Amino acid sequence: MGLCSLATPLVVPSDRLQISQPTLSAGNVPAAFKVELSSDHSVLIRAEEILRPALKMMYRVTGLPLSQVWYDDNWPSPLGPSGIYIEHSTFGKEPSRLRSDFLIWGMNHMLLSMQLTTRYCQTTAVLKWDGVTVGTIYVTRNPPRGVAWTGRNTSEVGEDHTGESKPLSNGRFEMSLSYGEKPIDRHLLYLTCIKAMGDAAEAGLTRLVPGLYTLGLQRTAWKLLGDHREIEAGYSREAAVTALGRMIHDDKFFEVVVWVKVHGVQSAVGGYTQGF
């Protein structure tokens, strides 16, 4: 079944969906949260050397509670010596205030800025809450001094999520995919997927919703709509990354339709699209 045959089910009233806009100020980002970016344009890094570890980082971060406290951690790129490193800030007796929601907001803002300026380079994002630094995200060609990339696991989210049955929440998740004919820039797909994972996490992975809709740059969108029922928001996260994983595995970046089954029952339909 091709993409066009499911065009109608993918167009749904906005009041039935939780909608995200492609800006830092939209959605659930409080005014107290700020990001200060500094970039070294002399140290260029291939976009995918940044976006691939960003996928892994965000998949990990969005799978934990928004209040989860983070310490120093890193995600090396499978494509080169570069990677993403996070550093927490301490406050007296409290060892860290760097939380998952801060990382979601900060990473989205950093990647959006890189894409809009078309400058993927060594960058530092200082995350602040009420004017106080809570943590820092480094996108760097090499790990900071005294830090070794942990694990050096070169497997990618795309290799780990290629459509197999996976446990998620209290159900059993299966997904199938059909490619359309319209190509979409791979960087826009990465960014939309990363934002969709954050949207699902902010909605609450086990929360029942009619559907989720993430609007990315240049009208690139991710949609997942419950098929005559509400679905857990976490299924949107899993389906979004699984679909992109299949594209990375197949090296095919097009509009796609996805079907999600839970316990073997058709439960949702969605996909990546571009344009209205």
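Modeller: Happy to! A residue counts as buried under 20% relative accessible area, as exposed over 50%, and as partly exposed in between. Please keep in mind that this is a predicted model.

Let's start with Arg-141, which has a relative accessible area of 22% and is therefore partly exposed. Its salt-bridge partner is Glu-49, with the closest N and O atoms 3.2 Å apart. Glu-49 belongs to helix 2 (residues 47-62), while Arg-141 is in the loop between strand 6 (132-140) and helix 4 (157-160), so this pair ties together parts that are 92 residues apart in sequence. Glu-49 itself is buried, because its relative accessibility is 5%.

Lys-128 and Glu-36 form a salt bridge through their side chains, at 3.1 Å from N to O. Lys-128 comes from strand 5 (residues 121-129) and Glu-36 from strand 2 (residues 33-44), so the parts tied together here are 92 residues apart in sequence. Lys-128 is buried at 19% relative accessible area, whereas Glu-36, at 42%, is partly exposed.

Next come Arg-99 and Asp-101, whose side chains meet in a salt bridge at 2.7 Å, N to O. Arg-99 is partly exposed, with 26% relative accessibility, and Asp-101 is buried, with 8%.

There is also a network of salt bridges, which links Glu-48, Arg-52, Arg-186 and Asp-251. For the overall tally, searching the whole structure gives 8 salt bridges.

How values were computed. Residues numbered from 1 in each chain as written. Predicted model: local features only at pLDDT ≥ 70, side-chain atom pairs only at ≥ 80, totals over all residues. Heavy atoms only, no water. Salt bridge = Lys/Arg side-chain N within 4 Å of Asp/Glu carboxyl O. Helix = DSSP H or I, 4+ residues; strand = E, 2+ residues; numbered from the N terminus. Buried < 20%, exposed > 50% of the residue type's maximum accessible area, 1.4 Å probe, protein only.
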